[in-house]
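Dear colleague,

Please find below the structure that I am handing over to you. My notes on what was found in it follow directly after.

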Amino acid sequence: MKIFYLSVHSVLEYDEVSLFSELGHDIFSWGAYTYPQGHPSLPRPGIPGLPFHADLADLSRRFPRTEIPIEMLDWADVIIIMDGAGMHDVIELNWAKLKGRNVIWRTIGQSTPNVENRLSKYRSEGLKIVRYSPMEDKLKNYIGGDATIRFYKDPTEFSGWNGKEARVINFTQTLKGRRIFCGYEPIMKLMDGFPSKIYGSGNEDLGSYNGGELPYDLMKGVLRDSRVYIYRGTWPASYTLTTIEALMTGIPVVSVGSDIGNMGKHEGVETYEMQHIIKNNENGFVSDDLDYLRTKIKELLVDESLAKKIGEAGRKRAIELFGRETIRGQWQSFFDSLNIKDE
């Protein structure tokens with residue numbers, strides 16, 4: 001099967017294009033991996049075995065996504081359009097050419113009532129939807145879905161937690177700059193007084209908390225070596241890839257709940273999922289009570305056996321929900337349901 005994948009998020013693109021390729025599909029990705037070898041500036045490496053389609057890559061250089069050449073669409077059996085800024089325009093402005101094809105809107109936690117409303121017409125005319133969280137059905141103007149397939153991570157790659165460094169960490173890009181959308185205030189309150197680092201680009205304004213942007217292997221090493229991971233997420237997402245990476249590595253996760261700053265309760269978006277993924281005192285800690293969370297952070301920093309117990313349970317939960325083999329099977333079942341005959 002030939003899959004034309006339009007991306008706005010390089011890490012998710014790396015994960016899903018790699019998985020689809022391993023399933024035996026021929027992929028052309030219009031995004032960070034139009035050239036399969038990737039680029040040193042990307043947070044993930046190249047994708048071995050992904051074919052390079054020089055003719056399609058040339059078209060991607062010469063045309064904007066709002067004017068997808070018909071040759072690209074005719075090449076594909078399936079067209080996957082990742083949700084994100086500007087991608088609704090891609091669907092709307094190309095719909096005359098897209099209608100009647102296997103077109104899939106892949107949600108990534110950016111949908112809002114306005115987005116759902118904008119796409120309702122195309123949904124009624126055949127647009128298929130693969131949701132990334134079951135909580136998306138809480139969206140106002142929700143227009144349904146054909147499958148719910150979560151993001152995934154490989155448990156063999158994200159593993160080996162040791163927690164040897166008694167420090168608290170977080171991975172967020174431009175935390176202070178995006179402020180309420182990423183939970184700047186609660187994250188800083190939770191870190192105050194503890195040895196802490198915040199990793200990611202755009203955090204130069206965080207002073208001593210800034211850990212910088214880490215290469216992929218160093219990022220995995222920091223997750224393995226650190227004692228506690230603080231999570232707040234980004235509005236309006238139900239969860240993010242960093243949640244999965246932290247939980248699956250086995251680092252104990254302490255998560256802010258959904259109420260602070262009206263996260264998950266704004267504009268008909270009540271989709272935050274951490275309070276359903278984490279169970280307090282079992283596989284992590286989640287609450288809107290920051291004093292309670294600070295108490296738990298302190299306990300995890302001084303009690304290695306507690307941290308190990310919580311981390312192991314969090315890893316088990318992550319594998320159940322986001323494990324590579326589970327998600328691989330779900331995508332294969334969905335593709336099979338399209339009943340596309342091999343040429």
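Pro 236 is located in the loop that links β10 and α9 (241–249). In this predicted model, the peptide bond leading from Trp 235 into Pro 236 is cis, and its omega is near 5°. Asn 141 belongs to the loop between β5 and β6. For context, most peptide bonds are trans, and most residues other than glycine have a negative phi.

The sheet β2-β1-β3-β4-β5-β6

In that order, six strands make up an open sheet with parallel pairing. Its edges are β2 (26–30) and β6; each has a single partner strand, so one side of each is left without a neighbour in the sheet. Helix α1 (residues 10–22) packs on this sheet, where it touches β1 (2–6), β2, β3 (78–82) and β4, and its direction makes about 180° with that of β1. Helix α4 also packs on the sheet, in contact with β1, β3 and β4, and its direction makes about 155° with that of β3.

Within the sheet, three bridges pair strand β4 (residues 103–106) with strand β5 (residues 128–131) in the parallel sense. Opposite Trp 105 stands Ile 129 in β5.

How do α4 and α5 pack against each other? The axes of helix α4 (residues 87–98) and helix α5 (residues 113–124) come within 11 Å and cross at roughly 25°. Because angles under 35 degrees count as roughly parallel, α4 is roughly parallel to α5. The crossing in which α4 passes α5 is left-handed. On the α4 side, the contact involves His 88, Asp 89, Ile 91, Glu 92 and Trp 95, which meet Val 115, Arg 118, Leu 119 and Tyr 122 in α5. Sorted by class, the contact of α4 with α5 comprises five nonpolar, one polar and three charged residues.

The sheet β9-β8-β7-β10-β11-β12

The strands listed in this heading, six in number, form an open sheet with parallel pairing. The edge strands, β9 (210–212) and β12 (285–287), each pair on one side only. On average, and with direction ignored, neighbouring strands of this sheet are turned by 25° against each other. Strand β7 (residues 165–171) runs parallel to strand β8 (residues 196–199), and four bridges join the two. One of the residue pairs is Phe 171 with its bridge partner Tyr 199 in β8.

Helix α7 (residues 184–191) lies across β7, β8, β10 (226–231) and β11 (253–256), and it runs at about 150° to β8. The axis of α7 comes within 9 Å of that of helix α11 (residues 290–302), and the two cross at roughly 40°. At that angle α7 is oblique to α11, and their crossing is right-handed. In this contact Pro 186, Lys 189, Leu 190 and Met 191 of α7 meet Leu 290, Leu 293, Arg 294 and Ile 297 of α11. The contact of α7 with α11 has six nonpolar and two charged residues, and no polar ones.

A further helix pair is formed by helix α8 (residues 216–225) and α9, which pack at an angle of about 55° with their axes 9 Å apart. These two helices, α8 and α9, are therefore oblique to each other, and α8 passes α9 in a right-handed crossing. Met 219, Leu 223 and Arg 224 of α8 make the contact with Glu 245, Ala 246 and Thr 249 of α9. By class, the contact of α8 with α9 divides into three nonpolar, one polar and two charged residues.

With kind regards

How values were computed: Residues numbered from 1 in each chain as written. Predicted model: local features only at pLDDT ≥ 70, side-chain atom pairs only at ≥ 80, totals over all residues. Heavy atoms only, no water. Pairing = 2+ DSSP bridges. Axes fitted to C-alpha atoms, helices over the stretch in contact; angles between N-to-C directions. Contact = heavy atoms within 4.5 Å. Parallel < 35°, antiparallel > 145°, perpendicular 65-115°, else oblique. Left-handed = near helix turned anticlockwise from the far one by under 90°. Nonpolar A, V, L, I, M, F, W, Y, C, P; charged D, E, K, R; others polar.
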